[in-house]
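Here is a short briefing for a first look. Have the sequence and the 3D view open as you read.

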Amino acid sequence: MTPKEKLRPISGFPEWLPEYRMVELEWIDKLRAVFESFGFASIETRSVEPVEVLLKQGDTDKEIYSIGRLLADPDDKAEPTYALHYDMTVPMARYVAANMNDLTFPFKRYQIQKAWRGERPQEGRFREFLQCDVDVVDTREIPLHFDAEIPVIMHEAVNAIGAGPLVTKINNRKVLEGYYAGLGITDTANAIRIIDKLDKIGAKGVGTMLGDELGLDGDAIAKVLGLAEIRGNDASVVQRVKALGVKSDLLDQGLDELHFVMRELERYPEGTFVADLSIARGLAYYTGTVYEAKFADFPDFPTVCGGGRYDNLVGDLINKRLPGIGISIGLTRIFAKLMREGRIQAGRKAPTDILVVHTQGAPYSVIRETAGALRARGLKVEQYHEDRKLKAQLKYAADKGIPWIWFPPAEAGGEHQVKNSATRDQTPADPATWLPE
RNA sequence: GCGGGUGUAGCUCAGGUGGUUAGAGCGCCAGAUUGUGAUUCUGGAAGUCGGGGGUUCAAGUCCCCUCACUCGCCCCA
């Protein structure tokens, strides 16, 4: 590997400059505040899981990164295979199952962590990214009210970081599965996968695929498309689904649930939460309400938040059924897109409030004690550790956007001065009492 | 996994049809009557032209392979 290659960016592993990272940190603080305002507690799970834990749920062809020790013996069968987690849901399920006795249910937690996926990167798709998950897990049946609360939490969180407006589409897996069952479609998983392409390839393309791949006749295709085209802001969509005349118990149950959720969300501005019967979500473990949110301004950009209800995530891990519901916010995806669109106002390059310059000839102890006195009063203070020409020190402060410059006296007991970077006013000041502004 | 595009200084890029010691702007460092930020001026450091092979008297330039980045497809929590 040449030195040049060592320096190259790695596709899908984004890094931000300090001025942007500061904004990202502010976002994280705001998201935390919203999650905690709803009573969710934070946990952090390890970055790796046994490969079998990650593969057991969902599909088996996941693009996951496995990890190993460079010094491991490749023939050692006892060496376990770990992999970086590709979401927070599966690790959370494992964590809950492992700590059943010590958790109080319903267990409500949020997690803001990196996730890793090996998929080919492209705009909005990374291999290492930050994700914020909010979930509720219970040992008993989870009330439907959570189905309405979860998207509200997400909505408030996204608003808090100024990333909206989003359009959140809502559907219910029971409606899809019940409807397809009522039509006699057995391969619901594939039907859902094809329907998911409606936005991309249109009704005609979807109809062709349904015919070619699932062997549906024109009548069934029309029925499937008829359902997928239903969307609306309120509970009335339920009537329109019923009007299609497909019958099944599961469908009725799903429609009742969807009706309840949409009724609860009717108080939000039109277009914020929309029932959309074409939304399916790829993940296999969803069993009820599903959510998918996109930027209102960038409809072609991939989903930025997604989630839903699942009957059971831990069934393979312990002999117990733990239903849950949650949603995930794609922090890196949102951040990178808004950055690309120039919507992120980069702040200062450092948190420093005051730069204490190295006054020519001043004893180092005077400079250090000056900085210490200011720092002890809660200010963010850095010293210029080199007796370099003032011009260079001031340029450093200007380049970093440091708002105040402090001039310690050349000898102990002398006069201190402070300068406002913006106005360039310079006045005597006492490090024991001085305050900004 | 498949297809298109692109790889030259820290960054953004020039370098018709091959031809002496590979350039610019920005950035960086130093200086312009010995310590207060700008602009300007002067000087300086910095590139095995992504890597390997081939054609040729001669390759940054042409051919092949390979790697990386990037856009799209596939897939997608």
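Which residue in S6 is the bridge partner of glutamine 113? The partner is glutamine 131. The model is a predicted one.

**Domains**
- Chain A is divided into domain 1, domain 2 and domain 3.
- Domain 1 is made of two stretches, 33–162 and 297–333.
- Domain 2 spans 166–278, and domain 3 spans 354–428.
- The centres of domain 2 and domain 3, taken over C-alpha atoms, are 65 Å apart.

**Strand S5 and its partners**
- Strand S5 covers residues 107–116.
- S5 is mostly covered, with 8 of its 10 residues buried.
- Strand S6, residues 128–137, runs antiparallel to S5, and 10 bridges join the two.
- Strand S1, residues 41–42, pairs with S5 in the parallel sense over 2 bridges.
- Arginine 109 in S5 stands opposite alanine 41.

**The second largest pocket**
- This pocket holds about 240 Å³ of space.
- Helix H2 (18–37) and strand S6 each supply at least two residues of the lining.
- H2 gives the most, with 4 residues.
- The lining includes Arg21, Glu24, Leu25 and Ile28.
- Glu128, Phe129 and Leu130 are also among the lining residues.
- Pro14, Glu15, Trp16, Lys114 and Thr332 line the pocket too.
- By type, the lining divides into 6 nonpolar, 1 polar and 5 charged residues.

Conventions: Residues are numbered from 1 along each chain as its sequence is written. Chains are lettered from A and ligands numbered from 1 in the order in which they are written. This is a predicted model: local features need pLDDT of at least 70, side-chain atom pairs count only at pLDDT 80 or more; totals for chains, interfaces and linings use all residues. Side-chain values use heavy atoms; hydrogens and water are left out. Domain bounds come from an automatic or database domain assignment. Buried means under 20% relative accessible area, exposed over 50%, partly exposed in between (1.4 Å probe, protein chains only). Two strands pair if DSSP finds at least two bridges between them. On a 1 Å grid over the protein atoms alone, a cavity is a set of points where a 1.4 Å probe fits but cannot get out, and a pocket is an open set with protein on both sides within 12 Å along at least five of seven lines; lining residues have an atom within 4 Å of a point. Grid points are joined across faces, edges and corners, and a volume is the space filled by probe spheres set on the points. Ala, Val, Leu, Ile, Met, Phe, Trp, Tyr, Cys and Pro count as nonpolar, Asp, Glu, Lys and Arg as charged, and the others, Gly among them, as polar.
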